[in-house]
Amino acid sequence: MTTPQFQRLQGASMGFLAGYVDTFGFIALFGLFTAHVTGNFVLIAVSLADPTQTPSLLKLLAFPAFILGVAACRLLVARCEGRGTAATRPVYLLQLVLLLGFMVCGMLAEPIGKHVGALAMAAGLLGTAAMGAHSAASKLLLTHLAPTSMMTGNVTQLVIDTVDRLRGAADAATAARCAKFFWPVLAFALGCAAAAFAYLALGFVMLALPVAILAFHVWRPEPAAQLVAP
């Protein structure tokens, strides 16, 4: 597989994973945002303004859990850089371990009732930390790809470039950007839909799908262009 093909696979698979995990947490854990920091800010702001709308402890702790995931990823990358070793695979492994924790704690917590128990709390925070690490990896190591967990900017850029192409003002760089942003956006949407059906059908065990995606990237030898973190 050539490097451009591998990059396309990375962008699509990580976009699918992000949409899948974010939707999974929202459906399974009372509207929890595992990767949507904007949503967490909204929940905190609402709770400050209207005490009757106080969100659960899980939703309040989601933001610091996300921050811890970002911090853990940054420290891991810095350690790899200090040793002169590639950081991409260890960062995938970090996400894999956190997502496995999300899945296992969620399975042990089932059936989840109307209140958040200890295992459901642990599941949600591990899932949020996993997506924090995922977002940090996008910024630190996968800068050649479009962001895979923040679709607002991706859709905005994709629409701008598409309009320029339709009005005949596009160049080769514009066409390349369209391809770069299109696949993660499409994969994210498909991941959202897949997670909704998967959770309602079989519950937390269906987190095995994003776990398998990460396991593939941990296992697969990377092209030479991917061996050194920028």
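Predicted model: local features only at pLDDT ≥ 70, side-chain atom pairs only at ≥ 80, totals over all residues.
1. P90 is found in helix α4. Apart from its neighbours within four places in sequence, P90 is in contact with L76 and C80. P4 lies 86 residues from P90 along the chain, and the C-alpha atoms of the two are separated by 22 Å.

2. Helix α4 (residues 88-109) also pairs with helix α5 (residues 118-140): their axes come within 8 Å and cross at roughly 160°. The two helices are therefore roughly antiparallel to each other, and the crossing of α4 past α5 is left-handed.

3. On the α4 side, the residues that meet α5 include V91, L94, L98, L99, F102 and C105. On the α5 side, L119, A123, L126, A130, H134 and A137 are among those that meet α4. By type, the residues of this contact comprise 17 nonpolar, six polar and no charged.

4. The largest nonpolar core has 51 residues, and the members touching the most others are L17, F24, L29, L99, F102 and F204. At least two residues of this core are supplied by each of α1 (3-28), α3 (57-83), α4, α5, α7 (172-202) and α8 (208-219). In soluble globular proteins, nonpolar side chains tend to be buried together.

5. What is L29 in contact with, leaving aside its neighbours within four places in sequence? The residues are F24, L58, F102, I112, A120, A123, G124 and F204. Of these, F102, A120, A123 and G124 also take part in the contact of α4 with α5.

Key. Residues numbered from 1 in each chain as written. Heavy atoms only, no water. Axes fitted to C-alpha atoms, helices over the stretch in contact; angles between N-to-C directions. Helix = DSSP H or I, 4+ residues; strand = E, 2+ residues; numbered from the N terminus. Parallel < 35°, antiparallel > 145°, perpendicular 65-115°, else oblique. Left-handed = near helix turned anticlockwise from the far one by under 90°. Contact = heavy atoms within 4.5 Å. Nonpolar A, V, L, I, M, F, W, Y, C, P; charged D, E, K, R; others polar. Core = buried A, V, L, I, M, F, W, Y, C linked by side-chain atoms within 4.5 Å. Buried < 20%, exposed > 50% of the residue type's maximum accessible area, 1.4 Å probe, protein only.
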